[in-house]
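This briefing covers the fold of one protein chain.

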Amino acid sequence: DELEAALDTIAAIATPLGRGGIGVVRVSGSAVPQIAQKLLGKTPPPRQALYSDFRAGNGELLDQGIALFFPAPHSFTGEHVLELQGHGGLVVMDQLLQATLECGARVARPGEFSERAFLNGKLDLAQAEAIADLIDSASVQAARCALRSLQGVFSQHINELVQLLIELRTYIEAGIDFVEEEIDLLSDGMVAQKINALLQQIELIFSQAQQGFLLKEGMHLVLVGAPNVGKSSLLNRLAGRETAIVTPIAGTTRDLVRDQILLDGMPLHIIDTAGLRETEDIVEKQGIERTRRVMSEADLVIVLLDDRHPEDVAETELLQQLKIKPLLVRNKIDLSGHAAGLTPEGVLYLSAKTGEGIAELKDYLRRQMGLSVQSEGHFMARRRHLTALSTAKEALNNSLNYVQLRHSELLAEELRLAQLALSEITGAFTADDLLGEIFSSFCIGK
Ligand code: GDP
Ligand code: ZN
C-alpha cells in the first residue's frame, strides 16, 4: 500500500532549467507527508511558509529554503502537494528532485499536475488547457484571453448552453412517450424559438472563441497577384528580411513561399503564391491548384495590384470562389504617385519598395487579429473547441428541420449530439487518447 502510494506520487522541477534566484521542485501525491518527513525532518504546517534545511535521504544537506505544504484536497491537484523553493541552480534543483525520487516519487510527465487537477475535478478541460495557453502566451492580449478561460468564463458559457439543451431534451423526450401531445409540443413554435436562441448564443461564443484562437495560433495570410506586382517585395517588407527571391523577371517565384513573422508578438503565417496566369502549362496548373487550396484555408487574402495597371488580376476566377472578402492592396505608389493609406472603400495604397503605407497595412492586420481592440469579450480557444462549437451548431440546424417535420425522435437525437459536442469542450465527455494528447503538450512541472 505504501509502495503504491509512493508510485502515484509525482515530482518535477517546476521552474525553468537554468540559473535563477529561486527554483521550485513540486511534489504531488499521497506520499508527500513521508517525503516531507525525510527531506525536512517534519511535515510543514498546512499552507504556511516553513524555512527549513532540505536534506537527502542519507542526511546530507542539499539546500535551505522555503517549504510549502498543501494538504489534499485543498491544493492545485487536489492531492497532497509539497513545494520546495530552493536556490535556482541546475545542480541544486536536480539534487532536490533526486531526493524526492529516492523517497519513492517518480518524475512527472509533462502536464501531469494539471491532468490530475482535471481528473480530481479541480479544473475542467478548457481551464486546464488555458493554463498551458497562458504560459505560452506571446502577447498581453493572448495572456488576458487565456486568463479569462482559466477563470472559467469560456466554460461557464458552455455549461449554460449545455444546461439549456438538457432542459429542452427533457421536455421533448417526455413528449415522445405521449404521441398525441407530441404534435402540440412542436407546433406552437416554442421549441424552434428556443433552438434559434441557442444557435444565436453559439454563434456569439464562436466568434469570441475564434478571436482568441487567432491570438494564439496567429493568422494565415495569403498573398496573391500577377507576376511582378511585388508580392515577394511586400513579404520581405513585412518580415523585415530577405526571405523570398525578388527579381524583375516575371514568374520567378515558382511555388508557394511560406514565411512566419511576428506582429506585436503575434504569429502571422504568410504564403506568397506563385504569380499566376491563365496557362496550359502543367506545372503552373498544379501551382494554381495549390494556390486555390491555400486561399480557401486563409484567414485573410491580400490581392496585390500594380497601381499603374490595377486591372491586372490573374486570379479573378479564384477570388470569386472565396468565402471571405479579400483586401485589395495597390503597390508601387512611388511610381504611380498615389498617396499612401487606406481608402474608405477599403483599398490600401503602399509601396513595398519605399515602405510608405506599410504602417497602415500593419494596423489593418492588427485590427484583423483583434490586437487593437479591447479583448474583454474574448477567451482563449483551441481548434478542437471551434470544431466542437461548429458540430453543435450543425446539429442544432438539423434539429430545426426535424421540428418542421414534426419528428421528435430525430430532433431529440440531434439535440443529444449538440450537447455531446459541447461537453467535449469542458471534458465532461472526452476520450482518454484526447486527454493524453492535450496534456502531453504541456511543460514539465505544470
Ligand atoms: P512578385 O513577382 O509579385 O513577387 O514581384 P517582386 O516582389 O519579385 O517584384 C517585382 C519587381 O518589382 C522587382 O524589381 C521589385 O524591386 C519591383 N517592386 C516591387 N515593389 C515595388 C514598389 O513598391 N516600387 C517599385 N518602384 N518597385 C517595386
Ligand atoms: Zn514573388
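Axes are lines fitted to C-alpha atoms, for helices over the stretch in contact, and angles run from 0 to 180 degrees between N-to-C directions. The model is a predicted one: local features need pLDDT of at least 70, side-chain atom pairs count only at pLDDT 80 or more, and totals for chains, interfaces and linings use all residues. Residues are numbered from 1 along each chain as its sequence is written, while chains are lettered from A and ligands numbered from 1 in the order in which they are written.

**Overall content**

- The protein chain holds 17 helices and 13 strands; these are DSSP runs, helices being H or I of at least four residues and strands E of at least two, numbered from the N terminus.
- Of the 446 residues in the protein chain, 42% are buried. A residue is buried if 20 or more other C-beta atoms lie within 10 Å of its own, exposed if 12 or fewer, and partly exposed in between, with C-beta atoms placed from the backbone.
- Among contacts between residues at least 6 apart in sequence, 64% join residues at least 24 apart. Two residues are in contact if their C-beta atoms, placed from the backbone, lie within 7 Å.

**Helix packing around H9**

- The axes of H9 (residues 190-217) and H15 (residues 383-404) come within 10 Å and cross at roughly 160°. H9 and H15 are therefore roughly antiparallel to each other; angles under 35 degrees count as roughly parallel, over 145 as roughly antiparallel, 65 to 115 as roughly perpendicular and the rest as oblique.
- The crossing of H9 and H15 is left-handed, a term used if the near helix is turned anticlockwise from the far one by less than a right angle, with right-handed used if clockwise.
- Residues making this contact include Ile-195, Leu-199, Phe-206 and Phe-213 of H9 and Leu-386, Leu-389, Leu-396 and Val-403 of H15.
- By class, the contact of H9 with H15 has 16 nonpolar, 3 polar and 2 charged residues. Ala, Val, Leu, Ile, Met, Phe, Trp, Tyr, Cys and Pro count as nonpolar, Asp, Glu, Lys and Arg as charged, and the others, Gly among them, as polar.
- Helix H7 (residues 153-176) also packs with H9, at an angle of about 165° and with the axes 11 Å apart. That angle makes H7 roughly antiparallel to H9.
- H7 and H9 cross in the left-handed sense. Phe-154, Leu-161 and Ile-172 of H7 are among the residues in this contact, as are Lys-194, Gln-201 and Ala-209 of H9.
- The contact of H7 with H9 divides into 10 nonpolar, 2 polar and 1 charged residue.

**The six-stranded sheet**

- An open sheet of 6 strands has the order S3-S4-S5-S2-S1-S6, with mixed pairing. Two strands pair if DSSP finds at least two bridges between them.
- Strand S3 (50-55) and strand S6 (106-107) are the edge strands, each pairing on one side only.
- Helix H3 (residues 90-102) packs on this sheet, touching S1, S2, S3, S4, S5 and S6, and its direction makes about 15° with that of S2.
- S2 (residues 20-28) and S5 (residues 81-88) run antiparallel and are joined by 8 bridges. Ser-28 has Val-81 in S5 as its bridge partner.

**Gly-23**

- Gly-23 is part of strand S2. It counts as buried because it has 26 C-beta neighbours inside 10 Å.
- Gly-23 and Gly-88 are 65 residues apart in sequence, yet 3.8 Å apart in space, C-alpha to C-alpha.
- Leaving aside neighbours within four places in sequence, the contacts of Gly-23 include Ile-13, Gly-86, Val-92 and Met-93.

**The seven-stranded sheet**

- A further open sheet has 7 strands in the order S8-S9-S7-S10-S11-S13-S12, with mixed pairing. Strand S8 (257-263) and strand S12 (341-342) each have a single partner strand, so one side of each is left without a neighbour in the sheet.
- S10 (residues 300-306) is mostly covered, with 5 of its 7 residues buried.
- S7 (residues 219-224) pairs with S10 in the parallel sense over 4 bridges, and Leu-221 has Leu-300 as its bridge partner in S10.
- S10 runs parallel to S11 (residues 327-331), to which 5 bridges join it; Ile-302 stands opposite Leu-327 in S11.
- S11 pairs with S13 (residues 347-349) in the parallel sense over 3 bridges, with Arg-330 opposite Tyr-349.
- Helix H10 (residues 231-239) lies across S7, S8, S9, S10 and S11, running at about 165° to S9.
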